[in-house]
Amino acid sequence: MHVDHLEHAFVMEWVQQLRHQPYFSFLDSSDLGHSDARFSYVAFDPMTVLEWKEGRFVLRDTKTNKFDCFDRFQNAFDAISSLYSEWEPLELAPFTGGVLALFSYEMYRYLDSMPTQLKRGRLTEFPMCFMGLYQRVIVVDHHENAAYFVQRFLKEEPESLDMFCMHNK
């Protein structure tokens with residue numbers, strides 16, 4: 001694991017630079033007066049993604065493009081969970097890399113224990129299901145006015161945050 005200190009004042013510039021990255025995620029704590037709103041997170045460059053495609057859960061390595069397909073959500077979730085089961089916790093913040101997930105309202109019909117009674121609504125470009133295993137996260141601590149670039153790399157050396165931004169110019 002590698003942690004770099006960032007200038008807190010430039011976090012929104014990093015967000016602007018990284019927002020075009022595939023699978024970019026920004027979890028912003030905007031109510032800074034609330035006790036649970038201490039941290040914001042910018043996650044990008046997931047090592048693995050899990051998506052719902054053509055009636056199956058597809059788990060894809062974003063570096064090699066190799067993929068596995070699963071008919072049941074539990075099997076897919078177990079597969080993505082096994083990839084980070086040995087990551088050490090970091091006391092810096094509650095989230096310092098790992099799985100971020102998004103499920104649409106319609107996804108309930110495809111999970112193992114949910115009924116399939118409602119008709120499918122209109123299709124949008126919003127994914128039915130997405131999970132990303134993020135090894136690169138910017139953690140913003142609003143109480144301490146601090147920011148950190150956390151990289152939980154498995155087989156590679158840490159990258160400079162500038163390297164990811166230069167690809168977008």
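Predicted model: local features only at pLDDT ≥ 70, side-chain atom pairs only at ≥ 80, totals over all residues.
Q: How many salt bridges does a search of the whole structure find?
A: The search finds four.

Q: Take Arg38 and Asp141. How do their side chains meet?
A: They form a salt bridge, at 2.8 Å from N to O. The pair links distant parts of the chain, 103 residues apart. Arg38 sits in the loop between strand E2 (25-27) and E3, while Asp141 belongs to strand E7.

Q: Is Asp141 buried or exposed?
A: Asp141 counts as buried, because its relative accessibility is 5% and the cut-off for buried is under 20%.

Q: And Arg38? What is its relative accessible area?
A: Arg38 has 28%, so it is classed as partly exposed.

Q: Moving to Asp45. Which side chain meets Asp45 at 2.7 Å, N to O?
A: That is Lys63, in a salt bridge. Lys63 is in the loop between E4 and E5 and Asp45 is in strand E3, so the bridge ties together parts 18 residues apart in sequence. Lys63 is partly exposed at 45% relative accessible area, whereas Asp45 is buried at 14%.

Q: What about the side chains of Asp45 and Arg136?
A: They also meet in a salt bridge, 2.5 Å from N to O. Arg136 lies in strand E7 and Asp45 in strand E3, so this pair ties together parts that are 91 residues apart in sequence. Asp45 and Arg136 are both buried.

Q: Which residues do salt bridges with shared partners join into one network?
A: Arg38, Asp141 and Glu144 are joined that way.

Q: Where is His142 found?
A: His142 is in the loop between strand E7 (129-141) and strand E8 (146-151).

Q: Which side chain does the His142 side chain make a polar contact with?
A: The partner is the side chain of Ser40, at 2.7 Å. Beyond neighbours within four places in sequence, His142 is also in contact with residues including His8, Ser29, Leu32 and Arg38.

Q: Helices next. Which residues are buried in H1?
A: In helix H1 (residues 11-18), the buried ones are Val11, Trp14, Val15 and Leu18. They lie on the same side of H1, because they cover an arc of only 105° around the axis.

Q: And what is buried in H2?
A: Helix H2 (residues 73-82) has Phe73, Ala76, Ala79, Ile80 and Ser81 buried.

Q: Which strands do the buried residues of H2 pack against?
A: They pack against strand E3 (39-53), strand E4 (56-61), strand E5 (67-70), strand E6 (98-103) and E7.

Q: How many residues are in the largest nonpolar core?
A: It has 16 residues, and those with the most contacts inside it are Leu50, Trp52, Phe57, Leu59, Phe70, Ile80 and Met107. E3, E4, H2 and E7 each supply at least two of its residues. H2 gives the most, with four.

Q: What does Leu59 touch?
A: Leaving out residues up to four places away in sequence, its contacts include Leu50, Phe67, Phe70, Ala79 and Ile80.

Q: Last one: Thr96. Buried or exposed?
A: Thr96 is buried, since its relative accessible area is 4%. Thr96 is located in the loop between H2 and E6. Not counting residues up to four places away in sequence, Thr96 touches Leu90, Val137, Val139, Val150 and Arg152.

Note on methods:
Residues numbered from 1 in each chain as written. Heavy atoms only, no water. Polar contact = N/O pair within 3.5 Å; in protein donor to acceptor, adjacent residues only side chain to side chain. Contact = heavy atoms within 4.5 Å. Buried < 20%, exposed > 50% of the residue type's maximum accessible area, 1.4 Å probe, protein only. Arc of directions from axis to C-beta. Core = buried A, V, L, I, M, F, W, Y, C linked by side-chain atoms within 4.5 Å.
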